[in-house]
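Have a look at the model below, with an eye on its nonpolar cores and its aromatic rings.

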Amino acid sequence: MPDGDRRLPLVALIGRPNVGKSTLFNRLVGERSAVVEPQPGTTRDRIYGELEWRGRAFAVVDTAGIAWHDPAPVAEAAVAQAKAAADEADLVLVVTDVQTGVTELDGVVAREVLRRERPHLLVVNKADHMDLRLDTGEFYALGLGEPTAISAMHGTATGDLLDAVAERLPAVAYAGESDEVPRLAIVGRPNVGKSSLLNALLGETRALVHDAPGTTRDSIDTLLDWEGRSIRLIDTAGIRRRGHIDSGVEYHSVLRAVRSIQRCDIGLLVVDAHEGPTAQDAHVAGLVLEAGKGIVVLANKWDMLQDPERRKEVDFHLERVLHFLPEAPFLHTSALTGRGVPASVSAGLQVHQVRQTRVATGPLNRFLRAWAGRRGPPSRKGRQARFKYATQIGVSPPSFVTFFARPENVHPSYVRYLENGLREAFGFDGTPIVIRLRPS
């Protein structure tokens, strides 16, 4: 993955329900990130992934099937999602189904993409055998150019698709701020006080504040002079659960929020302490970690909790719901009274500094040999992997290559064991750690 100071090109998958967008998403990012079921409208939570192909890195956004449950007309919702994807994405993949053939809704989506004059590719999915791959001529009628026939389920021709994607992405990397300017994105679900927190930090009303969810529709960047140091604050739209994303403006907002996460260094995750942590808070936290960013948790509206027992209960649930976070700082804040607001920036800067940490090869290997000696990798089929040596290959996030004899026998749980050791020994609190395995 590129360094954190570059915004990855964004590829959006759009199309009508049940054409295999989530299956293609899973195939591209290399894991079953989205739930895949045969009935339309299954997609819910995971919308974002990153991958690298032939030296080109980019992000992929999966979309729910177009308005299968929306009370508004399906065609209207199709236009809204196509507009949002075309406006925000560097490349739009219009996914269709060869087994169903061209439908009226495919035409609606195609016309909107063409109207926006954005780079696009036509993907004809479910071409599971040669006869179907040859049966794509009717899709030329959509006017989107030559169709690329694939089978996302079986992986057929997905390499050719990735080649075509890489060719059409912007040739120049997106330059971000200098490494000397930390970028803190204020993220969270709607109506938790993100814009109020930004205003409290700035000491003036620079972002619109309203008690209705979804007020912030665009990501807002503001430079802040913090104790003689420049910091870039990024306010973002609230990120809803996939099943609750509206087809028009809100979908547009989610794409922008994802992009803001991409280009930040630290995500300040704002949680409504009065309401208590939810599964959606965990989902947003997951997006930050998946992008390789640091994270600080802010339990906002703490002033509304007067009962000490209620406060203890909220802290307990915060730790339970966000148990997967990498020793992230947890702060109690109130954008209304100013409690904890300055400390939130200080915590973010501390995590930013941690992400720049480099461990010399000597101390790193002395520690890992001792750590691996305490608990060796479990054996598989009577053969055990053996740790040889390691080296750090990058920062932001801290990234390591570990060399093993028979690394294929190293279980993911043992990688987590190594990660826990590195975090304990070198203080990588609040940031993901990347560990790659290589044969020695």
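Here is a short tour of the cores, then the aromatic pairs.

This is a predicted model, so to speak of local features we need pLDDT of at least 70, and side-chain atom pairs count only at pLDDT 80 or more, while totals for chains, interfaces and linings use all residues. Residues are numbered from 1 along each chain as its sequence is written, and side-chain values use heavy atoms, leaving out hydrogens and water.

A nonpolar core here is a set of buried Ala, Val, Leu, Ile, Met, Phe, Trp, Tyr and Cys residues joined through side-chain atoms within 4.5 Å; buried means under 20% relative accessible area, exposed over 50%, and partly exposed in between (1.4 Å probe, protein chains only). The largest such core has 26 residues, and V187, L269, I295, V297, L318, L322 and L325 touch the most other members. Helix α8 gives the largest share, six residues. A second, separate core of 23 residues includes V192, W226, I266 and V270.

Now the rings. Phe, Tyr and Trp (its six-membered ring) pair if their centres lie within 6.5 Å; planes under 30 degrees apart are stacked, over 60 edge-to-face, and the rest tilted.

| Pair | Centre distance | Plane angle | Type |
|---|---|---|---|
| F367 and F426 | 5.7 Å | 75° | edge-to-face |
| F400 and F428 | 6.0 Å | 65° | edge-to-face |

F426 is partly exposed at 23%, whereas F400 and F428 are buried.

Note on methods
Helix = DSSP H or I, 4+ residues; strand = E, 2+ residues; numbered from the N terminus.
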